[in-house]
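Please look at the protein shown here. A short report on its fold and surface comes after it.

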Amino acid sequence: MANLQPAQAKTKRSIKVLFPMLTVFIGFFIFGFSENVKGPAIPRIQTDFHLDEMQIGTLLSLNSLGYLLACSFTAFLVRKWGVKWVSALSFGLMALTGVLMFFSRTYPALSGSYFLMYIGNGMLEIALAVLAAQIFVKNMGTMMNLAHFFYGLSSIVAPMLATGLMTLSIGGHTLDWRGMYLIILLLSLIPMIPAVLGRFPAKELAEEDRIPVKSLMRDPVIWLLVAILSFGVISEMAVGGWLVNFLEKAYHWETGAASGMLSAFFLCFTFARLIAGPITDKIGYTLSLILFAGFTGICTFAAILAGEPGAALFAIAGIGIAPVYPTIMALIADRYRGNSDTAISFIVTLMGVGSVLGNYLIGAITDGIKQLFITEHGSEIGLLRGLQAGYAFIGLCAVICSFASLILYIYLKRRKELL
């Protein structure tokens with residue numbers, strides 16, 4: 001009987017250690033839902049509130065603003081309260097915004113709810129990245145990619161789930177977009193349970209031993225990581241906004257077929273994270289970034305040059321770009337262990353600014369090249385060349401990501417700090 005008590009205590013400890021891991025995996029899964037249900041909801045919101053395109057653009061721009069604002073203060077909260085309570089607060093805030101969106105009856109109320117939701121999303125992304133950096137000590141590349149696999153998995157399902165929920169009737173009342181957001185965002189309460197119950201890692205460093213942001217800013221590696229992550233995320237995120245548009249207008253594909261190719265991209269993207277993790281741990285983070293991002297750049301340019309027969313290469317490009325974000329998070333966690341919250345917040349905040357500028361450039365390049373060719377070759381050729389140039393910039397971002405990774409590889413190798 002005496003031996004049973006230590007065994008029970010060990011089991012209890014194991015369960016408590018498991019909770020932080022569940023927080024990360026379920027948290028990323030819910031995060032993918034909250035980020036990617038807006039596509040089917042936006043047309044219905046526009047109809048309900050009689051919004052023009054500028055108002056929709058303003059609504060969506062609040063996403064980036066709220067996200068960047070959250071990135072600027074989350075690291076401070078993590079140091080002050082600990083990652084456990086910041087994670088729980090993030091989940092609670094997202095659940096609250098689901099309620100606020102359900103009851104929003106005016107455009108300002110909806111805009112405020114959206115803004116608050118993306119503050120929650122930004123806090124959650126930083127908190128989950130910091131928590132993952134603390135608990136994934138072994139095989140970090142594999143574990144980081146696995147965590148982000150759950151985000152990709154829910155991203156695939158999110159648009160279909162949102163569409164299904166918006167047409168669902170309960171008690172003769174159709175849920176529509178308000179009910180859909182309420183249900184999806186209330187799911188945030190599920191990972192809140194392990195976040196509250198879990199035994200999270202204690203603070204790694206005393207405040208006086210932490211590296212200040214000014215010192216981090218003097219490290220060339222930080223700026224190379226900002227460049228790698230910014231160009232990698234532009235190349236990753238831009239596909240969702242531009243691939244369907246490209247296939248429909250350049251090749252005159254039906255919406256269903258073009259959306260199918262985007263789904264194929266996300267399928268390649270999601271399952272690549274399962275495969276890429278062990279490869280990353282075997283050959284190293286920096287070399288992995290060079291190869292993965294370079295593969296995406298090659299696939300994207302090959303797809304453009306091959307024309308319509310090479311369209312499948314747009315989807316295959318997802319295999320290369322998928323591991324970039326989690327691999328960089330693993331690299332940050334390894335290099336700045338004990339200061340990962342500060343490093344992640346700094347890098348992700350600047351990455352957010354870079355992503356906004358990058359997406360603006362894609363639109364500007366597309367329109368500029370289109371106007372240039374319209375005058376000489378007509379509207380159809382002008383549109384095709386504009387779309388090709390804009391999408392080529394997406395491929396170029398992947399190439400720059402790979403090149404910046406090469407510079408990082410050379411720098412770290414010379415200093416014998418290669419990861």
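Predicted model: local features only at pLDDT ≥ 70, side-chain atom pairs only at ≥ 80, totals over all residues.

Residues are numbered from 1 along each chain as its sequence is written, and side-chain values use heavy atoms, with hydrogens and water left out.

**Overall form**

The protein has 17 helices and two strands; these are DSSP runs numbered from the N terminus, with helices being H or I of at least four residues and strands being E of at least two. Its C-alpha atoms fill a box of roughly 85 × 65 × 40 Å along the principal axes. The radius of gyration is 22 Å, which agrees with the value near 22 Å for a compact globule of 419 residues. That radius is taken over C-alpha atoms, and the globule rule is 2.2 Å times the number of residues to the power 0.38.

Of the 419 residues, 51% are buried. Buried means under 20% relative accessible area, exposed means over 50%, and partly exposed lies in between (1.4 Å probe, protein chains only). Among contacts (heavy atoms within 4.5 Å) between residues at least 6 apart in sequence, 82% join residues at least 24 apart.

**Two helices**

The expected span in the table is 1.5 Å times one less than the number of residues in the helix.

| Helix | Residues | Length | Span between end C-alpha atoms | Expected span |
|---|---|---|---|---|
| H5 | 107–135 | 29 residues | 42 Å | 42 Å |

H5 is mostly covered, with 23 of its 29 residues buried. After H17 comes Lys-416, which has a positive phi near 60 degrees.

**A buried serine**

Ser-188 sits in the loop between helix H7 (176–186) and helix H8 (189–197). Why does Ser-188 count as buried? Its relative accessible area is 0%. Apart from neighbours within four places in sequence, Ser-188 contacts Ile-30, Phe-91, Met-94 and Ala-95.

**A nonpolar patch**

A nonpolar surface patch includes Leu-267, Phe-271 and Leu-274, and its members together have about 620 Å² of accessible area. Patches take residues with over 30% relative accessible area and no salt bridge, joining like charges within 9 Å and nonpolar side chains (Val, Leu, Ile, Met, Phe, Trp, Tyr) within 5 Å. A salt bridge is a side-chain nitrogen of Lys or Arg within 4 Å of a carboxyl oxygen of Asp or Glu. Accessible areas come from the Shrake-Rupley method with a 1.4 Å probe; for residues, only the protein chains shown count as cover.

Helix H11 (residues 255–283) gives the largest share of the patch, six residues. Leu-274 is in H11, and Leu-274 counts as partly exposed because its relative accessibility is 38%.
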